[in-house]
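Subject: The structure for you to look at

Hi,

Here is the structure I said I would pass on. Have a look at it in your viewer first, then read my notes below.

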Amino acid sequence: MRRFSRVVPLDPGENVIEVLAKSSSAISNPAVIRLSSRQAAPADPFMPNLYVLSVGVSDYENNDLDLDFAHADAEGIAKAFKSQQGRLFGEVKAKVLTNEVATKGEILDGFDWLESELTQCDVAVVFVAGYGVNDKRDNYYFLPHDANPEKLRRSAVEWNAFNSILADLPGKTLLMVDTCKSGNVTGSKKYRGIARSDSTSTIKELSNTESGVVVMTASTGSELSVEDTSWGHGAFTKALLDGLDGPADYDRDGVITLKELDLHVTRSVKTLTKGQQRPTTTVPPNFPDFPLFVR
């Protein structure tokens with residue numbers, strides 16, 4: 001018996017390889033081998049690119065602020081959208097900032113990255129999970145890893161930073177906000193002494209601009225955004241990821257649009273939290289529905 005090896009380049013997707021033996025007087029029937037390649041397809045120059053900035057802080061320098069799953073939420077969202085490379089989007093480029101990497105400086109650099117990369121043909125997804133608080137003047141801040149709740153202006157990311165960058169981006173932008181977290185679905189875990197925040201008016205300011213920014217928030221007003229060990233995520237992110245896995249495709253056409261995802265998240269979060277948490281989505285006037293995910 002003779003053995004030999006050959007390197008056979010594979011195309012993306014399913015490949016069919018036929019192997020046969022041949023001599024000077026006979027030839028065998030071919031043996032058929034089917035192989036599937038998981039490598040990404042070459043980017044289509046006519047497809048939009050997707051840029052994902054995903055931020056989640058569970059581990060704070062101030063241990064009193066620590067959460068359980070904000071970092072897992074950010075990682076899960078980035079991973080889900082990365083699967084769309086070569087499918088719905090030509091390229092998917094993600095910047096994931098979690099825990100000690102999610103400092104104020106790195107988050108602001110992430111905004112600069114979006115501003116330098118995004119074109120009018122592209123789509124941006126910005127996801128933030130962690131604590132959000134209001135100061136005495138009712139200014140809303142996101143708390144990065146190195147935040148000091150007593151010195152918000154110096155150490156936290158003011159919402160004006162979100163407004164000034166995202167509102168001016170040239171492409172479509174989806175901002176997903178999960179910044180008022182509690183311990184779990186029953187609410188039995190202490191809220192760690194941080195005043196409940198209300199981002200409602202601030203977020204409305206962003207979504208009411210003439211920009212292409214759609215804002216999905218995990219909860220309404222000063223409601224808590226719950227996370228639970230059995231989920232491994234916050235309720236909002238669990239609903240998002242579950243929906244993208246298929247249930248949000250209500251018309252079964254293989255494409256999940258913004259409206260379909262919004263409907264699924266609204267229903268799912270209400271069920272998961274037994275009505276304690278009500279996510280909201282605000283869309284700019286005359287903004288069309290658009291595809292976010294293909295199955």
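Predicted model: local features only at pLDDT ≥ 70, side-chain atom pairs only at ≥ 80, totals over all residues.

Residues are numbered from 1 along each chain as its sequence is written, and side-chain values use heavy atoms, with hydrogens and water left out.

Strands of a sheet pair through backbone hydrogen bonds, either parallel or antiparallel. Two strands count as paired if DSSP finds at least two bridges between them.

**The six-stranded sheet**

Six strands make an open sheet with mixed pairing, in the order β4-β3-β5-β9-β10-β14. At its edges are β4 (92-98) and β14 (280-282), each pairing on one side only. Inside this sheet, β3 (residues 50-56) and β5 (residues 123-129) run parallel and share seven bridges.

Helix α2 (residues 104-117) touches β3, β4 and β5, and its direction makes about 170 degrees with that of β3. Helix α6 touches β5, β9 (172-178) and β10 (213-217), at about 135 degrees to the direction of β9. Contact here means heavy atoms within 4.5 Å, and angles run from 0 to 180 degrees between N-to-C directions, with axes being lines fitted to C-alpha atoms (for helices, over the stretch in contact).

**A helix pair**

How do α1 and α6 cross? The axes of α1 (residues 70-82) and α6 (residues 235-244) come within 10 Å and cross at roughly 20 degrees. On the α1 side, Asp73, Gly76, Ile77, Ala80 and Phe81 make the contact, and on the α6 side Thr237, Leu240, Leu241 and Leu244 do.

**The three-stranded sheet**

There is also an open, antiparallel sheet of three strands, ordered β6-β7-β8. Its edge strands are β6 (131-134) and β8 (157-158). Strand β7 (residues 140-143) pairs with β8 over two bridges, and Phe142 has Val157 of β8 as its bridge partner.

Cheers

How values were computed: Helix = DSSP H or I, 4+ residues; strand = E, 2+ residues; numbered from the N terminus.
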